[in-house]
Amino acid sequence: MSDASEVVVLGAGVCGLTTGICLAEAGLRVTIRTDRLPLETTSAASGAIWGPHLVEDSERVARWAQATLTTLLDLAGQRGTGVRMMSGVEAWREPAQPPAWSAMLPETGPAGRLPEGYVDGWRYTAPVVTMPVYLGYLLDRFTASGGRLRVAPAGSLAGVTAATVVNCTGVAARHLVPDAEVLPIRGQVVLVTNPGITEFFVGVGDDTREVTYLFPHGDTVLLGGTEQRGDWNTEPDQAIAKRILADCVAAEPRLAGAAVVGHRVGLRPFRPLVRLEAERSANGRRLVHNYGHGGAGVTLAWGCARDVAALVSSFM
């Protein structure tokens, strides 16, 4: 079946939707083709907070992150986007310093009192995103710009009949491209009722403990988490959920007794280097790759999408 679009974007997670928006708003005819609707993607399981995580440390990542931060700061002032500014604490179990990207944020400072077991930390304010709302906002913005969403699995890149194809398939790129450098990092979270928490907390993991985080989203709090490399299992593990709850209650005692209202699992698409580049396929079509963002899809999406749009526009 042929796609009657100038550009087909593969993938409807945060990077695919954002890329589709930038292309459609540039005046191109765009179809996003996906095997899963946005709320069924890994993006829907994200916390999510702006901040490079499980991604390369490089100048281009810093540039993409800064560009995305600027856009998220703007969206935080708009109703219905799912983006808002929130303060909270990141803590470590050994002495450490805030990461270099902390200089991009508007408000940072000492952490103050820390939960038991943590010895160092910092307080900051950053965009926090309620992903179901944000993904809905992105999809609405895409279709309002003339874009079309088509649910149809792509068995191969060669089977997508469009002049220009943009590959935003995340962890699926391991098999679709194929690209053996792509590795899933499994993330499991638990949703509970909110007992009145208004700030986030991130307890950085180490060799002995998993990462611990909690992000309030109105009436619920999203609790995590896991960073299980190479694990493709997308079903919630009840033993892991129990451990997540215990770790989060230890960090924030008000969570004790909070009712569990849901579980989510996502596979972060880790790659040693983000792949954002263009190539010409064997049949002469133009192919642009935009995947491998690790745990930083929300953090890099707008910066990467604009670079993709510039590449595609250069073809026209």
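1. Aromatic cluster. In this predicted model, ring pairs join W50, W101, W122, Y124, F200, Y213 and F215 into a cluster. The structure as a whole holds nine aromatic pairs. W50 is buried, at 0% relative accessibility, and W101 counts as buried at 15%, the cut-off being under 20%.

2. W122 and Y124. The ring centres of W122 and Y124 are 4.0 Å apart and their planes lie at 15°, so this pair is stacked. Both residues belong to the cluster described above. W122 is buried, with a relative accessible area of 2%, and for Y124 the value is 2%, which also makes that residue buried.

3. Arginines over rings. The charged end of R93 sits over the ring of Y118, at 4.3 Å from the ring centre. R229 lies over the face of F270, 4.9 Å from the centre of that ring.

4. R186. R186 is in strand 8 (residues 183-193). Its side chain makes a polar contact with the side chain of Q188 at 2.8 Å. The side chain of R186 also reaches the backbone oxygen of E235, at 2.7 Å.

5. The whole structure has 12 salt bridges. In one of them R141 is paired with E25, and the closest N and O atoms are 2.8 Å apart. R141 is in helix 3 (residues 131-144) and E25 is in the loop between helix 1 (14-24) and strand 2, so the pair links positions 116 residues apart. R141 is partly exposed, with a relative accessible area of 24%, and E25 is partly exposed at 44%. Another salt bridge joins R63 to D307, with 3.0 Å between the closest N and O atoms. Here R63 lies in helix 2 and D307 in helix 6 (residues 297-315), 244 residues apart. R63 is partly exposed at 44%, and D307 is partly exposed at 23%.

6. The side chains of E277 and R275 meet in a salt bridge at 2.6 Å, N to O. E277 is partly exposed, with a relative accessible area of 37%, whereas R275 is buried at 14%. Elsewhere, salt bridges that share partners join D179, E181 and R271 into one network.

7. Cysteines. How many disulfides does the structure hold? The count is zero. For C304, the nearest cysteine sulfur is that of C15, 6.3 Å away. C304 is in no disulfide because the two sulfur atoms of such a pair have to lie within 2.5 Å. C304 is buried, with a relative accessible area of 0%. C248 is buried as well, at 0%.

Terms used:
Residues are numbered from 1 along each chain as its sequence is written. This is a predicted model: local features need pLDDT of at least 70, side-chain atom pairs count only at pLDDT 80 or more; totals for chains, interfaces and linings use all residues. Side-chain values use heavy atoms; hydrogens and water are left out. Buried means under 20% relative accessible area, exposed over 50%, partly exposed in between (1.4 Å probe, protein chains only). Helices (H or I, at least four residues) and strands (E, at least two) are DSSP runs, numbered from the N terminus. A polar contact is a pair of N or O atoms within 3.5 Å; within protein, one must be able to donate a hydrogen and the other to accept it, and residues adjacent in sequence count only if both atoms are side-chain atoms. Rings of Phe, Tyr and Trp (its six-membered ring) pair if their centres lie within 6.5 Å; planes under 30 degrees apart count as stacked, over 60 as edge-to-face and the rest as tilted. A charge sits over a ring if NZ of Lys or CZ of Arg is within 6 Å of the ring centre and within 35 degrees of the ring normal. A salt bridge is a side-chain nitrogen of Lys or Arg within 4 Å of a carboxyl oxygen of Asp or Glu.
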